[in-house]
Structure formats: C-alpha cells, structure tokens
Amino acid sequence: MINLIKNEFVKVFKKKTIYILLIITLGYILLSNFIMKYNNSDYSYYYYYGDSLEYYKSEIKNLDPNNPADLSTYIQFENNIRLLELTEKYGNNSWQAYVINNILSSSINTMIMYEYSDEITEDAYTKAKQTYDNALEKLDNDDWKYFVEQDLKSINESIEEQNILKSNTKDKQTLASIDDTIFDLNLKKQIDEWRLEKNISYAPSFLNNALDSYYNNALSLHDYENTNIEELSSDELQYYNNSLENANLNKYYIENNITLKNDNRSVLINFFSSYELFILIIGIVIAASIVSEEFNRGTIKLLLVKPYNRIKILMAKFIVCVLILILAIIFIVISQLILGGLIQGFDSLSIPAIIYNFDTNTVQTMNVIAYVALIGICKFPIYLLLTTLAFTCSTIFTNTALAVAVPFLGYMVSSLINQFALAYNIKQIIYFVTPNWDLSYYLFGGTPLFKNLTAPFSIIVCLIYLIIMVITSIIVFKKRDIKNI
C-alpha cells in the first residue's frame, strides 16, 4: 500500500498542473500582500452633498435670498457651501471634518437662517455667532475634547430631564419609550467618556470605528432585552449573536487600546476566507484527474496488472488526494506567513487572535498560528468532502472536466441552499451536508446555522456523506470493464 501511495505521489508531482497551480497561488499571495502594504489606506470620512463646491457657488448666484420663492434653496446651497469650504480647509480625514458635518452643521444652518430672517433679534444672532466663532477657534486649536465635553454636558442634562419626566409618568408605553431614550443617552455618554479616557478623537481610525460599532451593536442588543433568546429563529439568533460578539470585541479593543490593521496577522486570522478558493482548486483538480486520466490515457491497464487488488489501488489514489489537500493548506499557510512577513513585517504576529467566547461570555486571546490551525481543522470537512466528490465523479464518469465542475458548482450554491432553507424554514436541511460541513460555527460556544444542530451530529453527517462517496467509488471502480479501454 505504501509503495502504491509513493507511486501516486510521483505521478502527481510529475504533472505540470500542480506546479502551475502553486505558482499562481504564490503569485496571488505576493500580489495581495504588496497591494495591502502600499494601499493600506487609513480610515476616512466621506461627505456627499450631491455636487461640487463650484456647482453650488455658480448656482447660488442665480438665486435671490430676498425672494421668498428662492430663500429655502438659497439657504440650503449656502449651508452646503460653508460645510464644503470648512471641510476642505481642515481635510476630509480630519476630526474637524466630522465635527463640522455632524455637530456644527445645524449651527451653521441656524446662522444662515438668522442672517436672512427679519424675525430674529440682533442679540439672538450675536449669541449664535459667538458660539459659532468659539467653535471655529477650537477647530483651529485642535481642541477636539471641547466638543466631546460639550456633548457630554448636553447628554447629562438630557438624562436628568428624562429621569424627571419618568418620575412624573405612569403610562407603561411612555415609560418604555423613556427607558429606551435613557439607555441611548447613557450609551452615548459611555462613548464620550471613552473618548476622553482613551484619547480617541473624532478623526477616522480603528478605535473611532470601534466606538461607532460598539454603539450600534449595543443598541441592537437592547432591542432583545425583553426577548426570550431561545425562542428566536435561526437567522434572528445569528443576528443577535453577531451583535453580542461585535459589541464585546469592540469594547475589548477600546478598553485595552488595541488598534488592528490590514497586515500579515489580519490575513492569517482570515486565512480561509482569503485562500479557500486556492485550496479547493488544488484539491479538486488533483482529485478530479487522478482516476479519469488513467482511463483516458489507457494507463489503467498497466496499473491493474500489478499485484494489487482494485480497492487498494483506488484507496491509494484517494489517500494521496487527501494528503495533497493537507499539504496544499500547509504550503499556503507557510507561504503567507513567510511572504507576508517579508513584505509587511512579522511584528503584527505578536498580537494574538482575539475571540469572543459565548459559553463564558468573555473575550479571550489565542496565538495566531494556533487559531489558524484550529479554524483549519474545523473547515477541513468542507475541503475534504468537495475533494472526495471530485474523486468520486472522476471514478464514475472518467471525465476530468465534469469531475472539476460538479464540486465547484456544489461549493458555489451551498450558501444559496442554506439561505433558501432558512427563508422557507425547511427543517430537513439539517440532514444535508452543507449546513454541517463548517464546524467553525461551534467554536467558542458559537451558534450553528440551524437550530437542533450539534457538533457531534454534524460530524456524523459529514462522515456518512464521505463514506457514501468512497463506497460508491469503490463499487464502480471494482465493476469497471477495462477491456475496451
């Protein structure tokens, strides 16, 4: 048996196809890492007003603010002009850009309305102008904390008002609405306190995004506060768990001042998302041709005259396919580790993988390589089953093209099958292979795609499909007539 496996390895590595696939994979790794290094753009804001500054300046000349019919459009255009001018002054990626467009925009609009309103007193306009000028001074002095403190002051006042309102309210529906408002205000207060404590300005950055993500996910979780989680549907439970995971991970990043980047570490953390297709191409192409080519070239006769029974010959080929698949994964991981490190540096690997554990409701860390290995073991059933499908098709149809096409088609439609079953609540889908072959869903107390699925059940389902395909291959191969080949 060992000699058969050795011979099959020699045959595989004599093929030009394997080297072409490896070279293409290496080329992709190099290219993607170079692009990531030199196009690792910072986080940025994008503010859209419909047209350019020049457009508004040219169009506003055709409007008369003294004409009631033009006044509303004039104020809107003037507001956009001032916002765009200020944003250009400080830069679109500055913290000032955020303040201008999210905090000062209403003040600017009010100022413009005061300028063209006969009903506003001079004192009101002067007071608004002083507030606006003071804000501009803070922008120039790079004093972003001023705006956080002002926002925090406003939030505390609003919380106090809501608490007074709550104490004077008895209607349950109104009380629920007030509680929601107080929760939202306290959430915003927490964000502002983190900004000041962790020195996170409004400028686009990983931690600034983490604050926004925490806020949005915490709000989503609040919607489920009075819900029995166990009664949620599969897709609702997935949404809830995603919100829970994201909220806790972002909180961890903020509290520990962790900034993650698109680098060698991030590629390895998401290795199977980035390189899954290349793993499958190598595994499927080898498995799809390892039997069919013997028949197409007529070399199967030479193979079967050797003193080995057909089952051993076929199993030797299958074992080689599995070993090639494992070697392909190891090769691509090592290539990314080394080439990614040479291009982007190895420093990022010192930051561990950060994971949320649903069982313990805590954030935990793990060595990056250990994390990749763990995910690889959990995703291996996907690659093994698709490779086995290619091997089975190669044995049954002795057509390499068909043996390649069938597993790739299955891979492409697998997510559609799962989504269709979720949408129409098809419970029988749990006996199909696609909801079961990705065991990473079960890691760290995670939730599978469908209710009632467990890790042991999924493993058994995958083994059953694997055994069916292997046995089918053996039966067909044993009965195959080779006289006319």
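**Domains.** I began with the division of the chain in this predicted model, and I noted domain 1 as 2–40 + 262–479, domain 2 as 48–142 and domain 3 as 168–260.

**Domain 1 against domain 3.** I looked up the separation of these two domains and found 37 Å between their centres, taken over C-alpha atoms. For the contacts I recorded 15 residues of domain 1 touching 17 residues of domain 3. The area buried between domain 1 and domain 3 came to about 1300 Å², with carbon and sulfur atoms giving 64% of it. On the domain 1 side I noted Ile 354, Tyr 356 and Lys 451, which supply 40% of the area that domain 1 buries against domain 3, more than any other three residues.

**Polar pairs and make-up.** I then searched the interface of domain 1 and domain 3 for salt bridges and found zero, while the count of residue pairs in polar contact between the two domains was five, both residues being at pLDDT 80 or more. Strand E1 (353–357) and strand E2 (362–366) each supply at least two residues of the side of domain 1 that touches domain 3, and E1 gives the largest share, three residues. I sorted the residues of that side of domain 1 into 10 nonpolar, three polar and two charged.

**Helix H5.** Lastly I turned to helix H5 (residues 95–102), which is largely enclosed by the rest of the structure because six of its eight residues are buried. I listed the buried residues of H5 as Trp 95, Gln 96, Ala 97, Val 99, Ile 100 and Asn 101, and I found them packed against helix H4 (68–90), helix H6 (105–115), helix H7 (122–140) and helix H8 (144–167).

Conventions. Residues are numbered from 1 along each chain as its sequence is written. This is a predicted model: local features need pLDDT of at least 70, side-chain atom pairs count only at pLDDT 80 or more; totals for chains, interfaces and linings use all residues. Side-chain values use heavy atoms; hydrogens and water are left out. Buried means under 20% relative accessible area, exposed over 50%, partly exposed in between (1.4 Å probe, protein chains only). Helices (H or I, at least four residues) and strands (E, at least two) are DSSP runs, numbered from the N terminus. Contact means heavy atoms within 4.5 Å. Domain bounds come from an automatic or database domain assignment. Buried area is the accessible area (1.4 Å probe) that two parts lose on being put together, summed over both. A salt bridge is a side-chain nitrogen of Lys or Arg within 4 Å of a carboxyl oxygen of Asp or Glu. A polar contact is a pair of N or O atoms within 3.5 Å; within protein, one must be able to donate a hydrogen and the other to accept it, and residues adjacent in sequence count only if both atoms are side-chain atoms. Ala, Val, Leu, Ile, Met, Phe, Trp, Tyr, Cys and Pro count as nonpolar, Asp, Glu, Lys and Arg as charged, and the others, Gly among them, as polar.
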